[in-house]
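I opened my notebook to get to know a structure that is new to me. Here is what I looked up, entry by entry.

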Amino acid sequence: MASSVHAIAPDGLINPVKSHPEAVVFAVAARDKERAGAFAKKHGIAKVYGSYQELISDPEIYAIYNPLPNGLHYEWAMKALAAGNHVLVEKPAANTPGAKIQAHDPHVP
Ligand SMILES: NC(=O)C1=CN([C@@H]2O[C@H](COP(=O)(O)OP(=O)(O)OC[C@H]3O[C@@H](n4cnc5c(N)ncnc54)[C@H](OP(=O)(O)O)[C@@H]3O)[C@@H](O)[C@H]2O)C=CC1
Ligand SMILES: O=C1OC[C@@H](O)[C@H](O)[C@H]1O
């Protein structure tokens, strides 16, 4: 993720997190593992995945940031929630009028 010249992820999350003592950007995923690796090296991120599904399935991950193109926000936010992650998603949360991301707490029925 976030490999293009004007990508928002560094300014939107990765650099701000570096100034927060209780947070760490632990992993990054891209559709291509080599691209994810180059991004991880540049930003000092320890773990690399070659698919978004692998990242959201990592039990060590507490929350994910979704800076994908608009049409992928809803799909991957919902998949990440279903996998048990907290989710921070770039705007717009969805690109169809009916879609809404349902915040949910697994401890609340
Ligand atoms: N850029 C900005 O200044 C701002 C952007 N935003 C929002 O943030 C989101 C991301 O923006 P931005 O960082 O500019 O986006 P990018 O165009 O840089 O895309 C982010 C990443 O999405 C991944 N991706 C997955 N599927 C596709 C696909 N089909 N085509 C292209 N890329 C794909 C790519 O990573 P990979 O292939 O490596 O997995 C890519 O690096 C947008 O929703 C935008 O509205 C909000 C405010 C400002
Ligand atoms: O998504 C965006 O990308 C480019 C920015 O200039 C703009 O403010 C933002 O909405």
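I began with the naming: helices (H or I, at least four residues) and strands (E, at least two) are DSSP runs, numbered from the N terminus.

Ground rules next. I am reading a predicted model, where local features need pLDDT of at least 70, side-chain atom pairs count only at pLDDT 80 or more, and totals for chains, interfaces and linings use all residues. Residues are numbered from 1 along each chain as its sequence is written, and side-chain values use heavy atoms, leaving out hydrogens and water.

Confidence: pLDDT is the predictor's confidence in each residue, from 0 to 100. The protein chain has a mean of 90, and 88% of its residues reach 70 or more. For the complex, I noted an ipTM of 0.94 and a pTM of 0.91. Residues 1-5 stay under 50, with 11 contacts (heavy atoms within 4.5 Å) beyond four places in sequence. I remind myself that where pLDDT is low, the predicted coordinates should not be read in detail.

Back to H2, residues 33-43.

Then the strands. S3 (residues 63-66) and S4 pair in the parallel sense over four bridges; pairing takes at least two DSSP bridges. The chain goes from S3 through helix H4 (residues 73-82) to S4 in a right-handed β-α-β crossover, meaning that, with the strands pointing away from the viewer, the path from the first strand over the helix to the second runs clockwise.

Last entry: Pro92 sits in the segment after S4 (86-89). A cis peptide bond joins Lys91 and Pro92, with omega about -10 degrees.

Methods. Chains lettered and ligands numbered in written order. Buried < 20%, exposed > 50% of the residue type's maximum accessible area, 1.4 Å probe, protein only.
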